[in-house]
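Student: Hello! Could you walk me through this protein, step by step?

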Amino acid sequence: MAVSDDGERRPAEAAGRAACPGSRPLDVLLDRARESALPLVAPLVVEAVAGLGGREPVLLLQDYGQSVLVPLPGGGLAGGPPVPIPGSAAGEAFLRGAAVEVPQDDGVRVHLPLLDGGNEAGVLALTMDAVGDGDRSVLRRLAALVADLLITTNGYTDLLLRARRLEPMSVAAEIQWSLLPPLSMSAPRVAVAGILEPAYQVAGDSFDYALNDDVLHVATLDAMGHGLDAATMATVAVGAYRHARRAGVGLAESYAFMDRAVAEQFGPDHFVTAQMMRLDTATGHLQWVNAGHPKPLLIRGGAVVGQLESATTLPVGFGGGQPVVSERSLRHGDRVLCFTDGLVEERGASGEQFGEEQLIDWVDRIEGGGSGVRATVRALSHALKARRCGRTSDDATLFLIEWR
């Protein structure tokens, strides 16, 4: 029960509806957070949750391997052990991008995805005595504000990155992760999601994307070798790609710019395979240049309907000629899956390569579930890793595009 200004007791649900327009705790959180570093954000979240009638708040962050949600420690947050993403209410909220409520003896445990422009920071879990429509509206606003605070403060603190680590990370992987854009992005016309393996040892694989007005720009890259040399080469390739993209040149010119940058920096014996795409999100017109990558898969109606056939050019750094820009018109709901060769060239215990046929089979199985791009990429990556007995001797990248 809650007490109104005139002293009359009323149900918590009605109180939640009445509190929705003001949301005083959220105003206080926003005002105070503008001048607070991350160590002070957690206490502010705890205070805001208490002001809304909630208790036992916990901030859950996705680990680098995308297998569990790790509690952010300190600041009055509830804490606890890592929460498995599959089979948990918090994991369901994370994968679906929607709140999940679990009735308990002492109230309702609410799990709120922390979404900011399609980028998901994690999950906020808290307990309420009861949850009405007014409460849900305020809690959605609280989750959006907390997500914005976490993503913003992540740019000037290591606390979030350290909390997400369950294993030691190599220097090469450190470089690669610092290079990546958000792992997922969702907009009205397009959604994307990517994943790298092995999360704590990745070196040469990377991806990049940008949504500029109606055009989605995407690149997936795989630098030769392992360790710091591969990470350094990938860094140069991504930097050159971004420079060309931001200069407004086309795909063929972007390839030539990246080719020169890698060749001049590393010499003729080093290369980066690459795939660069441009998708007009208003029309579904897709263009791409393939520089030594496996052919992307076209997924329609929950199943692979073919590969995106195209002429290929030499990998970046080998001085290839003018590349052929391939084109294709997508249908609404089509998905395009890009991947690096480490995914299909891995060999099992029998010595046979995993191969593209097995990849397509698993894509069909997982796509049939109708999940969003983030959940699909995660499920596919983990299923393929399990099929390879948890072993990844080379970097393996998946990047999924959905045209809406």
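Tutor: Gladly! Let us start with a term: accessible areas come from the Shrake-Rupley method with a 1.4 Å probe. Please keep in mind that this is a predicted model.

Student: What is the accessible surface of the protein, and what share of the surface belongs to carbon and sulfur atoms?

Tutor: The surface comes to about 17,400 Å² in total. Of that area, the share belonging to carbon and sulfur atoms is 51%.

Student: How many helices and strands does the protein have, and what percentage of the residues is buried?

Tutor: The secondary structure comes to eleven helices and 19 strands. Buried here means under 20% relative accessible area. Of the 404 residues, the buried percentage is 51%.

Student: What is the volume of the largest cavity?

Tutor: Rolling a probe the size of a water molecule over the atoms shows where empty space is left. The count comes to one cavity of 30 Å³ or more. The largest cavity has a volume of about 50 Å³.

Student: Which helices and strand each supply at least two residues of the lining of this cavity?

Tutor: The lining includes H217, Y241, L251 and M277. Its residues divide into four nonpolar, three polar and two charged. The elements that each supply at least two of the lining residues are helix 8 (227–246), helix 9 (251–266) and strand 13 (272–280).

Notes
Residues are numbered from 1 along each chain as its sequence is written. This is a predicted model: local features need pLDDT of at least 70, side-chain atom pairs count only at pLDDT 80 or more; totals for chains, interfaces and linings use all residues. Side-chain values use heavy atoms; hydrogens and water are left out. Helices (H or I, at least four residues) and strands (E, at least two) are DSSP runs, numbered from the N terminus. Buried means under 20% relative accessible area, exposed over 50%, partly exposed in between (1.4 Å probe, protein chains only). On a 1 Å grid over the protein atoms alone, a cavity is a set of points where a 1.4 Å probe fits but cannot get out, and a pocket is an open set with protein on both sides within 12 Å along at least five of seven lines; lining residues have an atom within 4 Å of a point. Grid points are joined across faces, edges and corners, and a volume is the space filled by probe spheres set on the points. Ala, Val, Leu, Ile, Met, Phe, Trp, Tyr, Cys and Pro count as nonpolar, Asp, Glu, Lys and Arg as charged, and the others, Gly among them, as polar.
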